Amino acid sequence: MTRQSVSLPWPHAADTESVQRHDLVQLGVWMFLATVVMLFAAFTSAYIIRRSASDWTPIELPWMLWMSTAALVASSVAFERGRFASKRGQAASARYGISAAAGLGLIFLAGQVVAWRDLVARGVYVPTSPHSSFFFILTATHGVHVVAGLVLLIYTVTRIWDVGVPLDRGAPARLIAASATFWHFLAVLWLYVFVLVSVF
Amino acid sequence: MAHIPVEGAFEAEAGAHVADQVGFVRRYIFSTDHKVIGIQYILTGLFMAVVGTLLAVLIRLQLGWPAHQWTLVGKLLPAGMAGGIMTPEFYLALVTMHGTIMVFFFISYVLVSGFGNYLIPLQVGARDMAYPFLNMLSYWVALLSALVMLASFFVTGGAAAAGWTSYPPLSAVPSAVPGSGWGQTLWILSMALFIASFTMSSLNFVATIFSLRARGMSMMRMSLTVWSFFISAILGLLAFPPLTAAAVMLLFDRHFGTSFFLPSGLVVANQLLPHQGGSPLLWQLLFWFLGHPEVYVLILPALGIACDILPAFTRKPVFGYRIQVYCLIAVGVLSMVVWGHHMFVSGMSPFSGEYFTLATLLITIPMTIFGVNMMGSLWGGKLRLTTAMLFTLGVIAFFGTGGFGGLFLGNATADMQLHDTYFVVGHFHFMIGGVTLLATFAALYFWFPKMFGRSMNESWGKVHFWLTFIPFFTVFFMQHFLGLQGMPRRYYAFTSYEFLQRTMGQNVVISVAALTLMGAQLIFLANFCWSLARGRRAEANPWRATTLEWTVDSPPPHGNFGHALPVVHRWPYEYSVEGFDADYTPQTVSPREVPVTA
């Protein structure tokens, strides 16, 4: 528990008030992720229960999923390279790394849409089988979170774009750390969803 | 000094003199001040309570006098009570919406979101919540959610009618009953908005308590109110998302032809439905995974608040503070693993039933310790029977009585007989109805001076208490016995059954008591409005209490604490320290002046 000394914006308050015990952005992200974990835990238990019914017929998953998986993993790697660069004070490569992560995130979403269109072209719709119902709902729910993650990433990129802003400390460093937590979580979550729908 | 981005949000409205400059709209409507948001929640919740109460009036009219023609009511409600006779579909919508509104839109808004928002920063010594903008957003999403729920009364087919638990297939087949149509869809959307709003609130509660405590305010110096909000917010964060998942699947079953909850061979209105392979029990599992922790989300703050009001009127510390904290934590953990006790009659394996029985009875241990400690807090105290204290004593009475009924329902063997009878209705009205309602009133009378700078009228408050407590106890104590006689809940025309005809007299008594109870709330509303305008001016610490909110003006200024944040030196229950004149010592008093006793 590090005690951070932050100046609070109450004009009538003393200049510094040593109250805040944690990085609030990071703390908020972790709590939000806990709710996302519970959401997917519920979907998983529903999946396992529903799977035991006799009408479960697996659908053939589109090969495009492997491409989007690769894009999302590459995005995580790019983000991590950017974050390391920011810690070493190499601002330019940090900006490029995080921007590349956002770009690859967009490619991931495009890949998911292509995968959906592929299924639809083969006549596999949401109600076709319980497996396809779960596939569409799980990918859509994950996709919504990726869109939220992209908004956070783009916000981060705009906040660190100004040349001359040091990225290795203070608010920019904390923002980068928080969006890294969120973004890597989404990659891991996707790997989990992918394994769930393709193996089970 | 660097700012992290979230602080930018409250930079915009910083400081008392800045708050004076911003207009009425930014100050009282789109405000990020936790106190304004708390009061907004409380007023919204009280409005919803009036709606929920009116629904209960209609329910009791039907059950007390099933054959009577209510011509005047029929004119007001031509759709549900044409000619003054209630339709069965309307009755189902009434019980559904009464439950939904009271649980989610009254108690959650007033007691948890309202008082949580108001009290947490004040009691932990923070200037505002951790994420003020998110807090404001949470209120406006909550209001939208309430409006969507109210709108469902006015769509084709009327409001949802599948019970507050929304069991499929009634909730999953739009053509099942009139309320299964648009009413049910709006119910699901409203609940999704409610969960989003409650999640934002809970994030704020946890982060504020965890991170923004004043110097010296260690976790074990927090009031039990704050502790109970902390546990309840964590439960909310973990238990509500599964209902979101279930709601998404229910929407897909209703509108996109999937079969998550709908089995094969289902015939509705002489038509075979195309669904197959789904399981209605899956909904029950997911719903109760939320539903059971939800009752603790509501009742823990009620108990925490009761523990904080007691010492102010006994002039002695709350009994067993540390044990109370551990009990709250234990109940929080156990509440996540007992949801199956709502499903004993669903055909679950007897081994699962055995487990859920044991786990449920395990919860009674920390809950009993908690209740006995509350009684211990009274022992040897100098009791002052103010209105807030009377309501708090009522909380203890209801908690004991209602909790005793829970022993029977938590046990699979007994529950097989009692499931879906009025025994259950009586039990949960005592617990998440009565304990939370009385705690809400206790909190309103206790913190009203802090919120508005004026006191509520005590004499009318006491009249309100007795006219609430006695009828409430009568109604729901008697309903236990209706349940023992086999009267099932949600039955509109119970008199069609011969064995239930002899309960008619009891139902009339219950209806008369219930209408008295509802009428008595007018006294409260009048007292509330009158005191807002004309109540006696309140000083900073009218109850001579010790927690931090009483060290600042009533109402507290924007930013709560003036020039410097308080520094805390002691626990929140420093009453009647031996050898000192003042019988209370605020948390900010240094140990040099008065020794620290715990």
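Author: Start with the elements. Helices (H or I, at least four residues) and strands (E, at least two) are DSSP runs, numbered from the N terminus. Read that way, chain A runs α-α-α-α-α from its N terminus. That comes to five helices and zero strands. This is a predicted model: local features need pLDDT of at least 70, side-chain atom pairs count only at pLDDT 80 or more, and totals for chains, interfaces and linings use all residues. Residues are numbered from 1 along each chain as its sequence is written, while chains are lettered from A and ligands numbered from 1 in the order in which they are written.

Reader: Why are H4(A) and H5(A) called roughly antiparallel?

Author: Two packed helices are described by the angle between their axes and the distance between the axes. Axes are lines fitted to C-alpha atoms, for helices over the stretch in contact, and angles run from 0 to 180 degrees between N-to-C directions. Under 35 degrees counts as roughly parallel, over 145 as roughly antiparallel, 65 to 115 as roughly perpendicular, and the rest as oblique. Helix H4 (residues 130–160) and helix H5 (residues 170–199) of chain A pack at about 160°, with axes 10 Å apart. H4(A) and H5(A) are therefore roughly antiparallel.

Reader: What makes up the contact of H4(A) with H5(A)?

Author: Two residues are in contact if their C-beta atoms, placed from the backbone, lie within 7 Å. Phe134(A) and Leu138(A) are among those from H4(A), and Trp183(A) and Leu186(A) are among those from H5(A). The residues divide into 17 nonpolar, five polar and one charged. Here Ala, Val, Leu, Ile, Met, Phe, Trp, Tyr, Cys and Pro count as nonpolar, Asp, Glu, Lys and Arg as charged, and the others, Gly among them, as polar.

Reader: On to chain B. How do you know whether Val475(B) is buried or exposed?

Author: Count neighbours. A residue is buried if 20 or more other C-beta atoms lie within 10 Å of its own, exposed if 12 or fewer, and partly exposed in between; C-beta atoms are placed from the backbone. Val475(B) has 26 such neighbours, so Val475(B) is buried. Val475(B) lies in helix H16 (residues 458–484) of chain B. Beyond neighbours within four places in sequence, its contacts are Ile510(B), Ala513(B), Ala514(B) and Leu517(B).

Reader: What makes Asn270(B) exposed?

Author: Asn270(B) has 5 C-beta neighbours inside 10 Å, so Asn270(B) counts as exposed. Asn270(B) lies in the loop between strand S1 (267–268) and strand S2 (271–272) of chain B. Asn270(B) also has a positive phi of about 60°, although it is not a glycine.

Reader: And Arg544(B): buried, exposed or partly exposed?

Author: Partly exposed, because Arg544(B) has 15 other C-beta atoms within 10 Å. Arg544(B) lies in the segment after H18 of chain B. Its phi is positive too, about 50°.

Reader: What makes a nonpolar core, and how many residues has the largest?

Author: A nonpolar core is a set of buried Ala, Val, Leu, Ile, Met, Phe, Trp, Tyr and Cys residues joined through C-beta atoms within 7 Å. The largest has 220 residues. Val206(B), Ala306(B), Val395(B) and Ala442(B) have the most contacts inside it.
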